[in-house]
Amino acid sequence: AHSGHAHGAAAEPGGTGAATAAASCAEMVEPASNAPVRAFELTAQKTKVDIGGGKTSDAWTFDGTTPGPELRVKQGERIVVTLTNKDIDKGVTIHWHGVVLPCSQDGVAGVTQDAVWPGEAFTYEFVAKHAGTYWYHSHQQSSEQATHGLIGRLIVEPRENAFRYDKDYAVTLQHLNGKHWLTNGRRGGADLTAAPGESVRLRLINSTSEVQWMGVAGAEFRVISMDGQDLNEPDVISGQWIPVGGGQRYDVLFTMPESGQVEVYSREKPALTARVGEGAEPARLDKDAPAFDFTAYGKPVDDGITADMKFDRTYELVLGPIDINGKRFHEIPPIIVKEGEWIKVKFKHKLGAEHPMHLHGHLFKVLTKNGKPLTGSPIYADSILLFMGDEYEVAFQADNPGLWMEHCHNLGHAANGMSMMVNYE
Ligand code: C2O
Ligand code: CU
């Protein structure tokens, strides 16, 4: 398959290297296997949707709803999704946000495939390697299309569960057309059921481009997963705001109190709320309650990946208001990697609003924040949220050849040029 010697050392960024990498992306498909197949069909179409409270909105949807159908699969299954574009004029794709899959299935228009035009179809095929909470969205002019409603959830249930719970819910936070704040497509929030004593896993997915400070009122809880990846021995906490950046996922686990209701809600946006149970409304958190700190949460695991290990390459990305190292998309030199290498990326946020920086096709490990190693559970993620002044070092292994994006998941920022490539040489 992919081997260095075919192209030798001649591959240069911006030279023949780009073409080489693009070609190798198309070659990267899911190999045949005996994995059980789960087939889905999704039709991208313009629809008027009911957003609750007697209101409707124009939307671009998968299968007539936004979010589109929740795809729930089991770890290890082979996912086959046929996307048909009915009438989205500018073409459409599906990007499987956070999923580690072969490059040709990543759904980035103009990079890993052409957009699917009205009347056309495209079939995605990949094995769900990692369990977790993911989502999907069009990656053709994402800032426009995801906002118009071309989003949905992908939940990969684990083969073996590290956690036990009675109820498993997923909740999408959405800003439809930049106008309606919706939770699972409703203006009034989501109503979920659970009885006192039952344990609930709530998977929060922030599809908006803004950080949502989420509170859990009415119960103690644990953060059991970030970006779909389980945390190790998460502590029980309460009264903390969880900053969920654009594109990020946080799964919380709690037990329903005798009083009967838990509310998981955004500090700033009242419509972004999930009420679980039907009892008395719980008391809300103080506005100035502390922020959840994942850098010292749960228990460490020695996986050998540390800031002072030997890296094959190190990159420094300095983030401005809508730029990386003072440059925008086409001017930003790609991160160049070679299969098997370990790469360290240092993000420094110098100026501007927060940036949830998202990497396609790989999970990275968060090594340090502001120069200090993490002391809790290892954090493996596909994104890191930086506020002005933050510095993070992350590490990933270049183990998925192809052509990948690294961009801010404030999709307006990304459209304005806060995007770059990771290319395999
Ligand atoms: Cu959800 Cu390129 O991103
Ligand atoms: Cu940004």
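Author: Leu374 sits in the loop between strand E25 (372-373) and strand E26 (380-381). Bear in mind that this is a predicted model.

Reader: Is Leu374 buried or exposed?

Author: Leu374 counts as buried, because it has 22 C-beta neighbours inside 10 Å and the cut-off for buried is 20 or more.

Reader: Which residues does Leu374 touch, leaving out those up to four places away in sequence?

Author: Leu374 touches Thr295, Val366, Thr368, Lys369 and Ile379.

Reader: And how many Å separate the C-alpha atoms of Leu374 and Trp241?

Author: The two C-alpha atoms are separated by 19 Å, and the residues are 133 apart along the chain.

Reader: Changing topic. How is the protein divided into domains?

Author: Domain 1 covers 37-157, domain 2 covers 167-292 and domain 3 covers 313-424.

Reader: How many residues of domain 1 and domain 3 are in contact?

Author: On the domain 1 side 10 residues take part, and on the domain 3 side 15. By class, the domain 1 side of that contact has five nonpolar residues, four polar and one charged. The C-alpha centres of domain 1 and domain 3 are 24 Å apart.

Reader: What does the UniProt annotation cover?

Author: The UniProt entry, which is unreviewed, carries the annotation "domain: Plastocyanin-like" on residues 44-160, 177-258 and 315-423.

Reader: How much helix and strand is there over residues 44-160?

Author: Residues 44-160 are 6% helix and 44% strand, with the end C-alpha atoms 34 Å apart.

Reader: And over residues 177-258?

Author: That stretch is 0% helix and 46% strand, and its end C-alpha atoms lie 39 Å apart.

Reader: How many helices and strands does the protein have?

Author: The protein has three helices and 30 strands. Its radius of gyration is 21 Å, close to the 22 Å that the globule rule gives for 425 residues, so the protein is as compact as a globular protein of that length.

Reader: What does the C-alpha trace span along its principal axes?

Author: The trace spans about 70 × 50 × 45 Å.

Reader: Back to burial, then. What share of the protein counts as buried?

Author: Of the 425 residues, 49% count as buried, and Leu374 is one of the buried residues.

Reader: Last one. What share of the contacts with a separation of 6 or more comes from residues 24 or more positions apart?

Author: Such pairs account for 76% of those contacts in the protein.

Technical notes: Residues numbered from 1 in each chain as written. Chains lettered and ligands numbered in written order. Predicted model: local features only at pLDDT ≥ 70, side-chain atom pairs only at ≥ 80, totals over all residues. Helix = DSSP H or I, 4+ residues; strand = E, 2+ residues; numbered from the N terminus. Buried ≥ 20, exposed ≤ 12 C-beta atoms within 10 Å, placed from the backbone. Contact = placed C-beta atoms within 7 Å. Domains from an automatic or database assignment. Nonpolar A, V, L, I, M, F, W, Y, C, P; charged D, E, K, R; others polar. Rg over C-alpha atoms; globule rule 2.2 N^0.38 Å. UniProt positions renumbered as here; feature names shortened; annotations may be inferred.
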